[in-house]
Amino acid sequence: MQNKFSKNDEYPPSEDTFFIAENIENENGEYALDIGSGSGYLTKLLSENFSLVVGTDINCDVLQHQSSYKTQNLICCNGSDALKVKFDFIVCNLPYLATDEILDIATDGGAEGFEIPKKIFDSAKNNLKKNGKFVFVTSSLSNYEKLIDYAQKLGLKTRIMAKKKLFFEELILVEAIN
């Protein structure tokens, strides 16, 4: 999939999204979930290699205004709380920024960048098949070690898949296997 988007896209893919895409484009299986679908770029990418792909986002307006990467099976909900399906693969561009209060649900992770990702982890864990993969991006601007430790406490086996230096932070892509 090309890293291009239409000038008409109200919510274009972010640098984080392209970083994730580079590392998951060869994933395949039966069921995939994109938590925080946003632009729909990752949801669309996953639909090439999975039989069923679901995208969720807490912001209904974002889902309604996907244009270049619009897919089916979009659900407005918190994490994957509305779903009762077990997925082979789950991906999430976490709202990881360490903030004292949540002003922007798309980016703010709360205290240490952990509060909101923890809720997403709890939700995703319930929808992950045995031996399923949960891939998430976090940042050096958050307490990413705490996120990895929490994933391990949930019984997930973790590893850092990739890192990418940006101007003011380092993106960290983590794989957690159930």
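## Thr 99

Thr 99 sits in the loop that runs between strand S5 (97–98) and S6; helices (H or I, at least four residues) and strands (E, at least two) are DSSP runs, numbered from the N terminus. Its side chain comes to 3.1 Å from the backbone oxygen of Glu 101. Leaving aside residues up to four places away in sequence, Thr 99 touches Asp 108, Gly 109, Gly 110 and Ala 111, where contact means heavy atoms within 4.5 Å.

## Basis of the values

The model is predicted: local features need pLDDT of at least 70, side-chain atom pairs count only at pLDDT 80 or more, and totals for chains, interfaces and linings use all residues. Residues are numbered from 1 along each chain as its sequence is written, and side-chain values use heavy atoms, with hydrogens and water left out.

## Glu 27

Glu 27 lies in the loop between helix H1 (15–24) and strand S1 (29–35). It counts as buried because its relative accessibility is 15%; buried means under 20% relative accessible area, exposed over 50%, and partly exposed in between (1.4 Å probe, protein chains only).

The side chains of Glu 27 and Lys 133 form a polar contact of 3.1 Å. Such a contact is a pair of N or O atoms within 3.5 Å; within protein, one must be able to donate a hydrogen and the other to accept it, and residues adjacent in sequence count only if both atoms are side-chain atoms. Not counting residues up to four places away in sequence, Glu 27 touches Asn 49, Phe 50, Phe 89 and Lys 133.

## Helix H4

The buried residues of H4 are Ile 116, Pro 117, Ile 120, Phe 121, Ser 123 and Ala 124. They lie on the same side of H4 because they cover an arc of only 165° around the axis, the arc being that of the directions from the helix axis to the C-beta atoms. These buried residues pack against S1, S4, strand S6 (108–110), strand S7 (128–139) and helix H5 (144–153).

## Positive phi values

Two residues other than glycine have positive phi. For Glu 112, in the loop between S6 and H4, phi is near 60°. Glu 112 counts as partly exposed because its relative accessibility is 40%.

For Asn 131, in strand S7, phi is near 70°. Asn 131 counts as exposed, since its relative accessibility is 58%.
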